[in-house]
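My notes follow in the order in which I went through the structure.

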Amino acid sequence: MRKKIKLHTKIALLVTTVVIISISIIVAFAVSWMTNMIEDKARTNLMNVSMMVAHSDAIIQALENSDPDGQIANYVDNLLPGLEQVEYIIVVDKEGIRHSHPNPAMIGQTFVGGDEQRAAEEGEAYISEATGTLGQALRAFAPIYDSKNNEEIGFVAVGTLTDNIESAKNTALLYIILISLGALTVGVSGAFLLSNNIKKILLGLEPEEISQLYTEKTGMLEAIHEGLIAVDNAGRITLINDAAIEILKFGPGFDKANLLGQHVEAVIPNTGMLKLLETGQSEFDQEQRIDHTIIVTNRIPIRDGQAIIGAIASFRDKTEVTKLAEELTGAKKLAWSLRAQNHEFMNKLHTISGLIQLEEYHEALDFISDVAKSRNNISDILTRNIQNPTVSALLLAKYAKAEECRVKLVIDAESRLTRLPRYMTAEDIVSVIGNLVENSLDAVKNDGTGLIEIKVLQNDATLTIQVRDNGGGIPLADQDKIYVQGFSTKKDQRGNGMYIVKNIIDAGGGTISLKCDGGVFWDINIPMNRGENND
């Protein structure tokens, strides 16, 4: 089977080919332009020098006088060293006799070349290429007129050997080739650096492998029952799977296509992912309430080296599990409450039986009256003022437990609960009150002096829950730690109660405060519509 060419090799070959073709085209134009420019420059230079010599007063006067002292040769010898690309200057009189020549032996002899007729006979200035005594040369001819400028008295031939012009062309060509090789080296090196950089960015993967990984990733995302959401460093959603849409119960108008690219806080408020982008601290197994859905989420930052370039959250729906657990807990609480009431009423029946046997009939009647009155008071408060049956049942169960523990539990007669905050459930309120009362039951003494007071007051704006006890209070050093998961002042406790309470209150946009003065006083305020009092 033929081995496939790697992507980075293809890129390197493609870029190298483009560089070679580009440089070849540039070199072809450069060589043509440079050689033409060198020859044109040489022609222009020769013609300029020939015209300058032809119009020289010294040359004109010497020719008019037949140059008896060799002034023309001296003039030319002094002029030549300062000229570029000029090999010789030959001044000829109208008889064709040389008055200057690089070889002094040639002075006084007839001019050779055969291309001088146009200058000698017609007085024309021109450039030609011919072979003279010095070899093949490019020569510029210009006529010389007398001082009155009426009669031609000779001409001047200024030349340079064609070998020198070719040498200049070859030198220029060599420079172009060297520059081209340098450019080619840089281009090829750049091609390989580019291909290696692309290979590094793609983690060494080929396009087919990337396509396969993308297909596999899409399949895995849809196969996972946990919700997944990823955001970039600006908080825009870059990935979301179907499970996330189902768990978070987005409306029918939402799908992955219109969720991608939106800011996560605009779609899912209070996700905690923006905070994660700032801190870079991973979070695991964090309970979170989004509207009426309880999720357990893990959030981790996505890093490129040390830079945080995004974050990803995985979460699962805890609502159904929580409801089942709360139903089970409710059944256990009911069973415990019935056992406590049975135990307490057996004690009361034994007391009544003893009083009757002692023929203390009036005492027996008074005892029965007191018990009935106490039961009627608590029942009236719960039935008339607390209209949520789940919360009412919890308070009754805690009342019964307090009686068995020989703790006086007082529910404020002004307590009132007709509806719950918009973003909270009865299970949330039960969890808050239940944890606070349990903590108070553990804190107070069980010798009949223990006292717990509960007040639940709801109006159109706020739900207030207050729990006070006369226990030993909470040490000042521990007051900042009580909301930390796992922290507990009691032995063999997991320390999740107040952590759960704080999370429920924060999710509802509420506040919780603590005072320790002869016991513990908890004051909780939750807005009926989240965002009215607190954001």
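Predicted model: local features only at pLDDT ≥ 70, side-chain atom pairs only at ≥ 80, totals over all residues.

I began with an open sheet of five strands, whose order is 10-11-12-14-13 and whose pairing is mixed; strands here (E, at least two residues) and helices (H or I, at least four residues) are DSSP runs numbered from the N terminus, and two strands pair if DSSP finds at least two bridges between them. At its edges I found strand 10 (407-411) and strand 13 (511-516), each of which pairs on one side only. Neighbouring strands of this sheet are turned by 10° against each other on average, direction ignored; axes are lines fitted to C-alpha atoms, for helices over the stretch in contact, and angles run from 0 to 180 degrees between N-to-C directions.

Residues are numbered from 1 along each chain as its sequence is written, and side-chain values use heavy atoms, with hydrogens and water left out.

Within the sheet I looked up strand 12 (residues 462-469) and strand 14 (residues 520-527), which run antiparallel and are joined by eight bridges; Val 467 has Trp 522 in strand 14 as its bridge partner.

I then asked which helices lie on these strands. Helix 13 (residues 389-404) lies across strand 10 and strand 11 (450-458), and runs at about 155° to strand 10. Helix 15 packs on the sheet too, touching strand 13 and strand 14, with its direction at about 135° to that of strand 13; contact means heavy atoms within 4.5 Å.

I followed helix 15 (residues 497-507) to helix 14 (residues 426-443), and noted that their axes come within 9 Å and cross at roughly 145°. The crossing is left-handed, that is, the near helix is turned anticlockwise from the far one by less than a right angle. Helix 14 brings Asp 428, Ser 431, Val 432, Asn 435, Leu 436 and Asn 439 to the contact, and helix 15 brings Gly 497, Met 498, Ile 500, Val 501 and Ile 504. By class, I list six nonpolar, four polar and one charged residues there, where Ala, Val, Leu, Ile, Met, Phe, Trp, Tyr, Cys and Pro count as nonpolar, Asp, Glu, Lys and Arg as charged, and the others, Gly among them, as polar.

Next I turned to another open sheet of five strands, with the order 6-5-9-8-7 and antiparallel pairing. Its edge strands are strand 6 (237-240) and strand 7 (283-290), and its neighbouring strands are turned by 25° against each other on average, direction ignored. Strand 7 is joined to strand 8 (residues 293-304) by six bridges; Glu 283 stands opposite Arg 299, and Glu 287 has Val 296 as its bridge partner. Val 296 also stands opposite Arg 316 in strand 9. Ten bridges join strand 8 to strand 9 (residues 307-317), and the two form a hairpin with two residues between them, where Gly 305 in the turn has a positive phi of about 70°.

Last, I checked the UniProt record, an unreviewed entry, which annotates residues 12-34 and 172-194 as "transmembrane region"; such annotations may be inferred rather than shown by experiment. In the model, residues 12-34 are 100% helix, with the end C-alpha atoms 32 Å apart.
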